[in-house]
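Hi,

Here is the structure I promised to pass on to you. Have a look at it first, and then read on for what turned up.

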Amino acid sequence: MQVHVDKLSFSYTQRLVLNNISFTIESGDFLTLMGKNGTGKSTLIKCLLKIEKVPNNSIFFDGVDINDIKKFKNVGYVPQKLDFNYEFPITVSEILSSAYPKRKDAFYTSIINQLDLNHFYRENINTLSGGQLQRVFIARALLNNPKLLILDEPTVGIDNDNIQALYNILKHLKDQGVTIILSTHDIEFTKGLSDYFLVFNEMQDYNFYGA
């Protein structure tokens, strides 16, 4: 999926957060968002996902203004934290089934196997490690068969083994032509993955450049 952002600006009340941002990435490209907290990384993600309202003709997916898209198809999102009660008695199976209400088919099974969820598939989410939870969130996003995958700080709170597993998953998706946008403070993680970097600073300025 091509993502084109054209002179996007965004403010919260009187505070300018995004200032005249423009960039284009193509199918299979990997874009890393970097910058200190509060400089606009998460705000850009919210704009891309239509969580925040943006002006017409400022963000396009495959040439279509996102304001003309009633419901996103083939867009996956992995937030840093999900908005649900982690103490609520819900299993991995129930979370994934709710995201994929169709009959459990070969595609569904392939996602479970690809992310190695079988050995805790029936477990309650409050028994899982940070890395296991991250893989569940990624699986939920992948069940939408995304052409665009957006991840917000996906390495926070997970150990080195799971970070390496996440790297391998993203490399596989990139090789399959999935466009990936990832926000992180860990530039080492994206080495070998990133095609482009978008770096924000406190002056509401940015720098977009190739790897």
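Phe23, Tyr196 and Phe208 are joined into a cluster by ring pairs. Please keep in mind that this is a predicted model. Searching the whole structure for aromatic pairs gives 8 of them. In general, such a pair is described by the distance of the ring centres and the angle of the planes.

Rings also meet charges here. Lysine 50 lies over the face of phenylalanine 72, 5.8 Å from the ring centre. Lysine 104 places its charged end over the ring of tyrosine 108, at 5.3 Å from the centre of that ring.

Next come the helices. Two packed helices are described by the angle between their axes and the distance between those axes.

Take helix 4 (residues 130–142) with helix 5 (residues 160–175): their axes are 10 Å apart and the packing angle is about 15°. Angles under 35 degrees count as roughly parallel, so helix 4 and helix 5 are roughly parallel to each other. Their crossing is left-handed. On the helix 4 side, the contact is made by Gly131, Gln132, Arg135, Ile138 and Leu142, and helix 5 brings Asn162, Leu166, Ile169 and Leu173. By class, the residues of this contact are 5 nonpolar, 3 polar and 1 charged.

Helix 4 also packs with helix 2 (residues 92–99), at an angle of about 20° and with the axes 9 Å apart. Helix 2 and helix 4 are therefore roughly parallel as well. Here the crossing is right-handed. Which residues make the contact of helix 2 and helix 4? From helix 2 they are Val92, Ile95, Leu96 and Ala99, and from helix 4 they are Val136, Ala139 and Arg140. This contact of helix 2 with helix 4 has 6 nonpolar residues, no polar ones and 1 charged.

Happy browsing, and do write back with any questions!

Best wishes

Note on methods. Residues numbered from 1 in each chain as written. Predicted model: local features only at pLDDT ≥ 70, side-chain atom pairs only at ≥ 80, totals over all residues. Heavy atoms only, no water. Axes fitted to C-alpha atoms, helices over the stretch in contact; angles between N-to-C directions. Helix = DSSP H or I, 4+ residues; strand = E, 2+ residues; numbered from the N terminus. Parallel < 35°, antiparallel > 145°, perpendicular 65-115°, else oblique. Left-handed = near helix turned anticlockwise from the far one by under 90°. Contact = heavy atoms within 4.5 Å. Nonpolar A, V, L, I, M, F, W, Y, C, P; charged D, E, K, R; others polar. Phe/Tyr/Trp six-rings, centres within 6.5 Å; stacked < 30°, edge-to-face > 60°. Lys NZ or Arg CZ within 6 Å of the ring centre and 35° of its normal.
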